[in-house]
Amino acid sequence: MVFSSLEFIFRFLPVFMLVYYLVPRAWKNAVILLGSIVFYAFGEPKYVLLIVASVAVNFFLAKIMAASRRRVVRGFVFAVDIIFNVAVLVIFKYLAFIITNINGCLGTAYTVPELTLPLGISFYTFQILSYEIDVYKRRIPYDRSLIDLGAYILMFPQLIAGPIVNYTEVSLDMKSRIVRLTDVEDGLRSFIIGLSMKVLLANNFGTIWDNVGTAGYDNISTVFAWIGALAYTFQIYFDFAGYSLMAIGLGRMLGFKLPDNFRHPYMAVSIRDFWDRWHITLTRWFREYVYIPLGGNRKGTVRTYVNLFAVWFITGLWHGAEWSFILWGLYYFCLVVLERLFVGRLLKKLPRLVGRIYTLLAVMLGWVLFATESISDTLVYITKMFTINTGNDYMEQLPAVIMMIVAGAFFSTPLFERFMKRHSKDVIGIAALFVLFWACVAALVDTLYNPFLYFRF
């Protein structure tokens, strides 16, 4: 079950919110925990026990770590904790990839397991790890309530696809919060805008990108190759940013202020700026729990680049157990290194528009690598983009496609956000939200095409 579904909007959400608002304050976390388990069961019933067991194991390991005064014992429990969480992630997400590559390199014939990837495992595993690391380092006290910790980890707004929430960001609200009418209004506004980004923009851009695949990369024209790359660039942004905004809105309706996850990334003037704006909570996680612990930039130039390599390698691997994802991460490592060496200084001397064009082009090429199924497909596609190829593929739809691209470009900027802030309380803003919501409902009624790209991560 996804947020952008009629089942969630008209069945799950109204029932859950009615129960949540009616129960006493002391029961609200239990309602969140139970409702989140039910939500998860709709999408992945066979892994409900896995995720519940993971919460329980981490609760008791954190309790032992916090109670122990002996550093050796704490270190041992911490090691067990990290191994447990990473092992679960590796088994379900990377084991088949590892065995396949061993068979390919050594000529062996080990059986490759066929395991379904649990929904959201990359997101909730990182959230659990951040909590356990902070407890071990005594940055935070461990949560004495299994229900409260379970509600923090499994909270359905951010369970499947983030944002990745640090415990410190919600710990106070987890113990004591008051849901005000303004919170519900603000949350509902964010949810509707996020829903519109997903249903009205991402889904339509996804259709264009699917048409590229239907035509075949070998058969498309240069024009359609660029259109396809632009379409996927907008699809993945509106898909993920829209879902994140819906999550933030739902969290606000529950009384939590979840962290922003996107800040108009296609307005970035450099690759570093892009990653300060794209999937902000993941970038923060790698900085706080990988890059800085490895030494960051404090141990010399060579060590800095080694640390950057490690971060971008893991970033690519986090997104998927395929070499194309790893190469996508290393592609950004190369761009970041070039910016540190000389490109960054050059961009500062040039107009910001030049930086934006450079960044958008680099990101688009990265998305081609990200979206295509193999390295050979990537090379074919990029060759089509940078050589002259004719064709009439879907060109009869060109006017509508151009209108979509113009709309994508406009809504990628802060202009609509500023408009909604200015008119958030007046008739214009309310009418706009009303129209957007029912346009989304009509679109969901009329189509079965409603994918969510980050579910596979």
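This report describes helix packing, a surface patch, salt bridges and backbone geometry in a predicted model.

## Basis of the values

The model is predicted, with local features requiring pLDDT of at least 70 and side-chain atom pairs counting only at pLDDT 80 or more, whereas totals for chains, interfaces and linings use all residues. Residues are numbered from 1 along each chain as its sequence is written, and side-chain values use heavy atoms, with hydrogens and water left out.

## Packing of helix 3 and helix 5

Helices are DSSP runs (H or I, at least four residues) numbered from the N terminus. The axes of helix 3 (residues 48–67) and helix 5 (residues 121–136) approach within 9 Å and cross at roughly 10°; axes are lines fitted to C-alpha atoms over the stretch in contact, and angles run from 0 to 180 degrees between N-to-C directions. Helix 3 and helix 5 are therefore roughly parallel to each other (angles under 35 degrees).

On helix 3, the contact (heavy atoms within 4.5 Å) is made by Leu50, Ile51, Ser54, Asn58, Leu61, Ala62, Met65 and Ala66. Helix 5 contributes Tyr124, Ile128, Tyr131, Glu132, Val135 and Tyr136. These contact residues comprise 11 nonpolar, 2 polar and 1 charged, where Ala, Val, Leu, Ile, Met, Phe, Trp, Tyr, Cys and Pro count as nonpolar, Asp, Glu, Lys and Arg as charged, and the others, Gly among them, as polar.

## Salt bridges

The whole structure contains 11 salt bridges (a side-chain nitrogen of Lys or Arg within 4 Å of a carboxyl oxygen of Asp or Glu). One of them pairs the side chains of Lys425 and Glu185, at 3.3 Å from N to O. Lys425 lies in the loop between helix 18 (415–422) and helix 19, and Glu185 in helix 9 (residues 181–215), so the pair ties together parts that are 240 residues apart in sequence.

## Backbone geometry

Most residues other than glycine have a negative phi, and most peptide bonds are trans. Gly162 and Pro163 are joined by a cis peptide bond, with omega of about 5°; Pro163 is located in the loop between helix 7 (156–159) and helix 8 (167–175).

His264, although not a glycine, has a positive phi of about 50°. His264 belongs to the loop between helix 10 (222–254) and helix 11 (271–277).

## Surface patch

Phe10, Phe434, Val435 and Trp438 form a nonpolar patch on the surface, together exposing about 450 Å² of accessible area. Patch residues have over 30% relative accessible area and no salt bridge, and nonpolar side chains (Val, Leu, Ile, Met, Phe, Trp, Tyr) are joined within 5 Å; areas come from the Shrake-Rupley method with a 1.4 Å probe. Helix 19 (residues 427–446) supplies the largest share of the patch, 3 residues.

Definitions and conventions. Helix = DSSP H or I, 4+ residues; strand = E, 2+ residues; numbered from the N terminus. Parallel < 35°, antiparallel > 145°, perpendicular 65-115°, else oblique. Patch = residues over 30% accessible without salt bridge, like charges linked within 9 Å, V, L, I, M, F, W, Y side chains within 5 Å.
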